[in-house]
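Take a look at the model below.

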Amino acid sequence: MPKSKTLRFRRRFKGPPAGALEAFAHAYYQLENERRVAAGGEIDALLQKTPTEKLPELVEHPALRPFGALEYLGKIFNDALANDPKRAKAVAELEISLAENLAQPPYHNLSIVQIRAYAWRDLGIAHRALGRLQESLDAFAVAETGLLPHGALDHDLAIVHLSVAVTLQELERFDEARKLLAQSKRMFIQHADDQRLVLATFSEGVILQRSKHYREARDVYKNLLSSSAKIEPPVIAAVHRVIGLCSTELGDFPDAEANLRRAIALNQQLAQTIEVTKGKAALGRLFIRRGDSADGITYLRPIRREFLRHGLIEEAGICGLEIVEGMLALGNFTGAEMLSRKIIAEFMKAGLNKRAISALGYLREAIASSKASTALASTVREYIVSLRTTPERDFLPRQLTVSGRLPES
Amino acid sequence: MRSKNNTTSVDHAAALYNQYIAELSTIGTSEFQMTPAEAGQLAHEVLMVSITSLPRIQDMRAWLTASMRSAAAKAQRDRAKV
C-alpha cells in the first residue's frame with residue numbers, strides 16, 4: 001500500500017469501536033488467568049482420579065467450566081492419545097459437552113466456534129486412532145462446518161483440514177488428501193505456521209509411501225529432517241519411523257534398522273507407549289523381512305501382547321500375522337496354525353470385519369493342510385490392512401498360490 | 001483494585017491491541033474497499049480471535065495480517081452474493 005494512502009487512512013481512522021479495547025483487554029486478562037488456573041494441577045488431579053467411564057460425569061464440574069480449562073483438556077487429550085486412545089476419545093467427548101455449555105462473555109463468539117471445532121477435531125483424531133475412519137471424517141465435518149463461514153478462522157480450518165487429510169490417506173483417498181494438504185500448506189505459509197507446514201509436508205510423504213512410491217517418500221522425509229525447519233520431537237520420531245518403513249520396503253535394511261531404533265528411542269524419551277510399541281512392531285517386521293525369523297518371532301511376541309493389553313486388536317492381529325509369517329518361514333506349521341486360531345478368536349470377540357475373519361480362516365486351513373506359504377500370510381496381512389480403507393473388498397483366494405507368490409496385478 | 005501483575009497484563013493487552021488495530025483496519029479499507037467502520041469492526045474481531053488462538057500462533061504479525069485478509073476476503077465474497 002502506498003505510504004500516502006496509509007497516512008490518509010490513519011488520519012481517518014478514529015480508533016477501535018467504542019469499548020473494543022476494554023473488551024479485548026478484559027478477555028485477554030481473563031483467559032491468561034484461566035490458563036494459569038487450569039495448569040495449576042486441579043484439573044490434572046481431577047482427571048487422574050476419574051476412570052474413563054466416569055469422564056462424562058465431569059461435564060458439571062465447575063473446574064472444567066472456564067474456557068481456559070477447556071483449552072487445557074485439549075492438552076490432556078493429546079497426552080492420552082499416544083497411550084490410551086479410548087480414554088482420549090472419552091476426553092474429546094467431554095470437551096464437546098463442555099464446549100456446548102460454554103458461557104460466551106467475555107470471549108468473542110468466534111472463539112466459541114473455534115474451541116467447539118477443536119473439540120470435534122479431537123474426537124475425529126481419537127476415532128482415527130481407534131481405526132474408525134468414517135466416524136473420524138464425520139467428526140471432522142462438524143468441526144469444518146462450524147469454521148467454514150468465518151474467514152478469521154481460516155487458519156483453524158487449515159488445521160482441521162490437515163487432520164482430515166490424514167484420515168483420507170488412511171482411506172487411500174489420496175487425491176482428496178493431496179488437495180486438502182496443498183490448501184492447508186498455502187494457509188500455513190500465509191500465517192507463518194512453520195510447525196504445521198512441516199506436518200503437512202510429512203503427510204505428503206505419507207501419501208507417496210502409501211501409494212508405494214517408497215523412494216520418493218523417503219526423499220521427502222529425509223529432506224524434512226535435513227531442512228532448517230524446527231521440528232517437534234514427536235514428529236522427528238515419526239519421521240524416523242516412516243523412513244525405517246520405507247527402507248524396509250526398499251530392502252535397505254541397515255538404514256531401516258538405524259531409523260527404527262532412533263524412532264523407538266525418541267518415543268521412549270517422550271513416554272509415548274503405543275508409539276514405542278508400533279515402532280517395535282516395525283522393527284520386528286524388518287527382522288522377518290530380512291530373514292531373521294527366529295529373532296523376529298521372539299521380538300514380536302511381547303509386542304503383540306502389548307497391543308492386546310491396549311485393546312488394539314487389529315494391530316495385535318497384524319503383528320500376529322508377522323509372527324505367523326516367521327513361523328512358516330521356519331516350517332513351524334503347528335505354531336502358525338495355533339496362532340492363526342487365536343487371532344481369529346480375538347477378531348471374532350472384538351466384532352471386527354467378517355471378511356478379515358474369513359481370510360484368516362482361509363490362511364488357517366491352508367496352514368493346517370501344510371499348504372500355506374509366507375507369501376500367503378503376507379497377503380492375508382496386507383488384505384486385512386486394506387480393509388481399513390476398503391472394508392467391502394473381497395478376499396480372492398483363487399489369486400493365491402498357496403505355495404508361491406501372488407501373481408503381479 | 002488490580003494488582004501490579006494484573007495491571008501489567010492489561011497494559012500488555014492494550015499495547016498489543018493498539019499496535020495492530022490500525023494496521024489491520026488499513027488492510028480492510030485499502031485492499032478490500034471496506035468502510036473504516038467495517039474494517040475496524042473486522043480488525044477487532046480478528047484481534048479478539050487472536051486471544052484464543054495464541055497457543056497456535058508462531059508469528060503474531062503474520063498471523064494477524066493473514067487472518068485479517070482471510071476475514072476481509074470472506075466478507076467481500078459475502079457482499080458480492082447479496
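How many residues of chain A are in contact with residues of chain B? The count is 35 residues of chain A against 34 residues of chain B. Keep in mind that this is a predicted model.

Several helices build this side of chain A. Those that give two or more residues to it are α1, α2, α6 (109–129), α8 (154–170) and α10 (194–210) of chain A. Helix α2(A) gives the most, with nine residues. Sorted by class, the side that touches chain B has 19 nonpolar, nine polar and seven charged residues.

Now follow α2(A) itself. It runs over residues 20–38 of chain A and has 19 residues. From first C-alpha to last it reaches 27 Å, close to the 27 Å expected at 1.5 Å a residue. Its buried residues are Ala23(A), Phe24(A), Ala25(A), Ala27(A), Tyr28(A), Tyr29(A), Leu31(A) and Ala38(A).

Phe24(A) leads on to the core. In soluble globular proteins, nonpolar side chains tend to be buried together. Here the largest nonpolar core has 141 residues. Phe24(A) is among those with the most contacts inside it, and so are Ala359(A), Leu363(A) and Val380(A). Chain B is on that list too, with Leu42(B), Val46(B) and Met68(B). Domain 1 (25–149) and domain 2 (291–409) of chain A both give residues to this core, so it lies between them. The C-alpha centres of these two domains are 38 Å apart.

Beyond its neighbours within four places in sequence, Leu42(B) is in contact with Gly28(B), Met34(B), Met68(B), Ala71(B), Ala72(B) and Ala75(B).

Step back to chain A as a whole. Its secondary structure comes to 19 helices and zero strands. Its C-alpha atoms fill a box of roughly 85 × 50 × 40 Å along the principal axes. Of its 409 residues, 46% count as buried. Take the contacts in chain A with a separation of 6 or more: residues 24 or more positions apart account for 59% of them.

How far does the predictor trust chain A? The mean pLDDT is 89, and 92% of the residues reach 70 or more. Confidence is highest in helix α13 (residues 253–269) of chain A, at a mean of 97. It is lowest in helix α1 (residues 3–12) of chain A, at 46. Two stretches of chain A stay under 50: residues 1–11 and residues 398–409. Beyond four places in sequence, the model has nine contacts for residues 1–11 and 17 for residues 398–409.

How values were computed:
Residues numbered from 1 in each chain as written. Chains lettered and ligands numbered in written order. Predicted model: local features only at pLDDT ≥ 70, side-chain atom pairs only at ≥ 80, totals over all residues. pLDDT = per-residue confidence, 0-100. Helix = DSSP H or I, 4+ residues; strand = E, 2+ residues; numbered from the N terminus. Contact = placed C-beta atoms within 7 Å. Core = buried A, V, L, I, M, F, W, Y, C linked by C-beta atoms within 7 Å. Buried ≥ 20, exposed ≤ 12 C-beta atoms within 10 Å, placed from the backbone. Domains from an automatic or database assignment. Expected span 1.5 Å × (residues − 1). Nonpolar A, V, L, I, M, F, W, Y, C, P; charged D, E, K, R; others polar.
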